[in-house]
Amino acid sequence: MTSPAVRSAVSMSLGVAAAVSLYGISFGALAVASGLDFWQTQVLSLFMFSGGSQFAVIGLAAAGASGPSIITAAGLLGIRNGLYAVRMSAVVGPGFLKRLVAGQWTIDESTAVSIAQTDPQAERVGFWLTGAAIYVGWNSMTALGAVIGDALGDPRAWGLDAAAAAAFVALLWPRIQARQPIAIAAVAAVVTIIAVPSTPAGVPILIAAAAGLLMALASERTRA
Amino acid sequence: MTTWTTILIASAVVMGTKLLGYLVPASVASHPRIQRVSDLLTVALLASLVVTQTAGAGSAIVVDARLIAVGVAAVLLRFRVPFIVVVIVAAGVAAVLRLLGWAA
């Protein structure tokens with residue numbers, strides 16, 4: 001009944017979901033360490049539901065960034081989800097409620113697993129199963145992390161701050177496999193190093209984003 | 001702006017962006033130029049976050065156990081080690097360095 005392609009989509013979905021969910025523990029613990037309470041942490045996981053944006057929120061909050069700069073940074077990081085949604089639109093198909101739920105589950109992992117499949121049924125299974133499994137797993141694990149975060153005490157003693165930094169490196173890594181993105185990453189990093197001591201918290205990431213955007217647009221002009 | 005306001009607005013923005021993607025015609029947003037610029041914007045944001053999470057301490061840039069942990073993470077990623085292992089090893093490296101008092 002189930003084809004090998006679908007079985008492979010199922011195993012890939014569950015593998016990815018297990019890894020991402022486990023990592024939710026460190027998000028929960030770091031969120032409470034950054035000053036959020038349990039429900040603030042869970043609202044981020046339930047409604048924002050996008051790892052990069054969620055870590056940006058708590059990282060910037062911990063650094064004392066202003067509300068508008070936190071919202072802008074999280075929003076800019078979330079733009080890619082909107083573009084994933086465009087790609088997943090045909091996989092999800094019509095139906096208001098279905099698209100509403102799909103929208104919430106459209107993230108890096110569900111899109112990546114779906115795109116990696118070879119037949120339409122496996123693409124659908126990959127998207128829905130990865131999205132659902134991560135939604136349940138991520139929310140459970142961030143809740144657990146938020147609860148045990150208080151018991152853990154200083155998150156630095158457990159290296160959780162380094163885990164967050166490493167997670168951003170892991171998110172960045174597959175995106176810097178060509179010369180142009182490497183150049184943009186380098187410029188963004190240097191701009192951030194210069195801006196951190198001289199601008200309020202939350203502003204350096206916006207300056208880096210502006211620099212990256214300018215470089216990207218400039219390269220589009222030379223391409224055209 | 002209170003923490004709750006920030007969290008609710010930021011969540012609504014991120015959630016709304018996803019839903020918006022199901023409303024716009026594919027011909028507009030799947031334009032290769034928009035895809036390329038968006039990919040590069042994401043790279044700039046993530047690179048900035050790598051710096052602040054690795055070396056940021058309030059309004060200062062500091063070198064501590066996080067930098068060594070991130071260096072180890074990069075090496076592991078180079079060898080295609082799975083995401084979850086990279087993150088756990090990075091945490092372990094920083095924790096051990098601090099336990100031994102070799103890095104702040």
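Analyst: About 460 Å² is buried between domain 1 of chain A and domain 2 of chain A, and carbon and sulfur atoms give 85% of that area. Please keep in mind as we go that this is a predicted model. Nine residues of domain 1 of chain A take part in the contact, together with five residues of domain 2 of chain A.

On the side of domain 1 of chain A that touches domain 2 of chain A, helices α3 (51-63) and α4 (67-77) of chain A each supply at least two residues. The largest share of that side comes from α4(A), with four residues.

Now let us set the contact between the chains beside it. Chain A and chain B bury about 6,400 Å² between them, with 78% of it on carbon and sulfur atoms. Ile71(A), Leu83(A) and Val86(A) supply 10% of the area that chain A buries against chain B, which is more than any other three residues. The contact draws 84 residues from chain A and 62 residues from chain B. Across this interface of chain A and chain B there are three salt bridges. Glu220(A) forms a salt bridge with Arg36(B), where the closest N and O atoms are 2.8 Å apart. Between chain A and chain B, 10 residue pairs are in polar contact, counting pairs with both residues at pLDDT 80 or more. Helix α9 (residues 160-172) of chain A gives the most to the side of chain A that touches chain B, namely 12 residues.

Over all chains, the structure has 11 aromatic pairs. In an edge-to-face pair, Trp105(A) and Trp128(A) lie 6.1 Å centre to centre, with 75 degrees between the planes. Trp105(A) sits in the loop between α6 (96-104) and α7 (108-115) of chain A and Trp128(A) in helix α8 (residues 120-152) of chain A, so the pair ties together parts that are 23 residues apart in sequence. Trp105(A) is buried because its relative accessible area is 16%, under the 20% cut-off. Trp128(A), at a relative accessible area of 22%, is partly exposed. Trp105(A) also pairs with Tyr135(A): the ring centres are 6.0 Å apart and the planes stand at 40 degrees, so this pair is tilted. That pair links distant parts of the chain, since Tyr135(A) is in helix α8 of chain A and is 30 residues from Trp105(A). Elsewhere, Tyr23(A), Phe27(A), Phe55(A), Trp138(A), Phe168(A) and Phe83(B) form one aromatic cluster.

One last stop is in chain B. Leu67(B) has its place in helix α4 (residues 65-78) of chain B. With a relative accessibility of 41%, Leu67(B) counts as partly exposed. Between Leu67(B) and Ile9(B) there are 33 Å in space, C-alpha to C-alpha, and the two are 58 residues apart in sequence.

Note on methods
Residues numbered from 1 in each chain as written. Chains lettered and ligands numbered in written order. Predicted model: local features only at pLDDT ≥ 70, side-chain atom pairs only at ≥ 80, totals over all residues. Heavy atoms only, no water. Buried < 20%, exposed > 50% of the residue type's maximum accessible area, 1.4 Å probe, protein only. Phe/Tyr/Trp six-rings, centres within 6.5 Å; stacked < 30°, edge-to-face > 60°. Contact = heavy atoms within 4.5 Å. Buried area = accessible area lost by both parts, 1.4 Å probe. Salt bridge = Lys/Arg side-chain N within 4 Å of Asp/Glu carboxyl O. Polar contact = N/O pair within 3.5 Å; in protein donor to acceptor, adjacent residues only side chain to side chain.
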